[in-house]
Amino acid sequence: MAIFTGAGVAIVTPFNEDESINYDRLDELIDFHCENGTDSIIICGTTGESATMTEEEHLECVKFTIERAKGRIPVIAGTGSNCTRTAVDMSREAAQYGADGLLVVTPYYNKATQAGLMAHYKAVAKEAKAPIIMYSVASRTGCNIEPATVAALFRDVDNIVGVKEASGNISQVAKIMTLTEGRIDLYSGNDDQIVPILSLGGKGVISVLSNVAPKETHDMCAKFFAGDVKESARLQLQAIPLVEQLFSEVNPIPVKKAMQLMGMDCGGLRMPLTELTKGHEETLKAAMKEFGIKLK
């Protein structure tokens with residue numbers, strides 16, 4: 001059984017003015033998603049600015065989210081690192097806290113060969129007793145998991161169960177599903193490709209869009225699973241202009257601004273990320289209004 005089906009939110013991390021984690025606001029966001037149709041919370045992913053967190057902050061944030069979700073919806077912990085030892089330690093700890101699953105991104109900057117990726121994921125899976133979703137996003141990491149590597153890891157390692165595919169390459173996605181006979185739990189990592197990936201047997205999306213439109217993103221998946229592909233596709237196409245604006249600058253710069261515009265201020269960004277430029281703020285506002293999101 002999949003960790004979740006539908007729309008999982010790659011949740012932002014709220015910060016106080018001193019850049020410490022704002023747990024009161026995170027608590028509110030967890031409730032917001034539990035009450036508005038989100039199917040899973042993915043904590044401490046790229047959208048959560050995990051790259052600028054200390055290991056202590058990272059694990060405390062994971063633990064807090066698991067405790068506050070209280071079994072209402074699954075919690076998946078982002079525990080990847082460019083250091084295999086760190087990924088192993090964080091994954092093992094998150095599994096012990098009770099994470100329903102782990103999202104493990106490919107090593108970044110130092111990257112890896114396909115053989116290195118095999119060794120990396122096997123090392124994490126051996127120590128962390130929780131279902132693992134591999135995360136392939138070469139645009140940010142410089143490292144792609146080739147379909148044959150995905151298939152081999154899925155075949156050989158019991159607790160490697162899924163892949164978040166953010167390559168943007170639908171042909172690569174189709175190849176993964178062919179090599180795994182459609183049995184791997186496939187999640188879209190791109191909000192503009194939710195329906196195409198569902199059509200190839202995907203289980204859902206790990207979504208930035210869900211931060212500001214949780215019900216609509218959930219409905220896009222639910223309609224597809226219910227057989228109403230036409231309505232699912234309509235919702236996908238309707239969301240495209242907003243999705244484009246949510247990625248007008250490096251994620252999560254635009255989505256944090258969007259949440260502020262909705263009255264859910266999650267604080268600033270940790271450097272090297274900076275505030276959204278005024279020009280992009282105006283086009284973001286326009287896209288939000290067109291989508292039907294009320295601004296404060």
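Q: Which residues does K164 touch, not counting residues up to four places away in sequence?
A: This is a predicted model, where local features need pLDDT of at least 70, side-chain atom pairs count only at pLDDT 80 or more, and totals for chains, interfaces and linings use all residues. Residues are numbered from 1 along each chain as its sequence is written, and side-chain values use heavy atoms, with hydrogens and water left out. Contact means heavy atoms within 4.5 Å. By that rule K164 touches L103, I133, M134, Y135, S136, Y187, S188, G189 and I206.

Q: Is K164 buried or exposed?
A: Buried means under 20% relative accessible area, exposed over 50%, partly exposed in between (1.4 Å probe, protein chains only). K164 has 6% relative accessibility, so K164 counts as buried.

Q: Which strand holds K164?
A: Strands (E, at least two residues) and helices (H or I, at least four) are DSSP runs, numbered from the N terminus. The run at residues 160-165 contains K164, and that run is strand 6.

Q: At which residues does UniProt place the feature "active site"?
A: The entry is unreviewed. UniProt positions are given in the numbering used here, feature names are shortened, and annotations may be inferred rather than shown by experiment. The record's residues are Y135 and K164.

Q: Is Y135 buried or exposed?
A: Y135 is found in strand 5, residues 132-136. Its relative accessibility is 7%, so Y135 counts as buried.

Q: How are helix 9 and helix 10 oriented to each other?
A: Helix 9 (residues 214-225) and helix 10 (residues 229-246) have axes 7 Å apart, at an angle of about 150°. Axes are lines fitted to C-alpha atoms, for helices over the stretch in contact, and angles run from 0 to 180 degrees between N-to-C directions. Angles under 35 degrees count as roughly parallel, over 145 as roughly antiparallel, 65 to 115 as roughly perpendicular and the rest as oblique. Helix 9 and helix 10 are therefore roughly antiparallel.

Q: Which residues of helix 12 meet helix 10?
A: The axes of helix 10 and helix 12 (residues 278-291) come within 9 Å and cross at roughly 155°. Helix 10 contributes Q238, A239, P241, L242, Q245 and L246. Their partners in helix 12 are H280, T283, L284, A287, M288 and F291.
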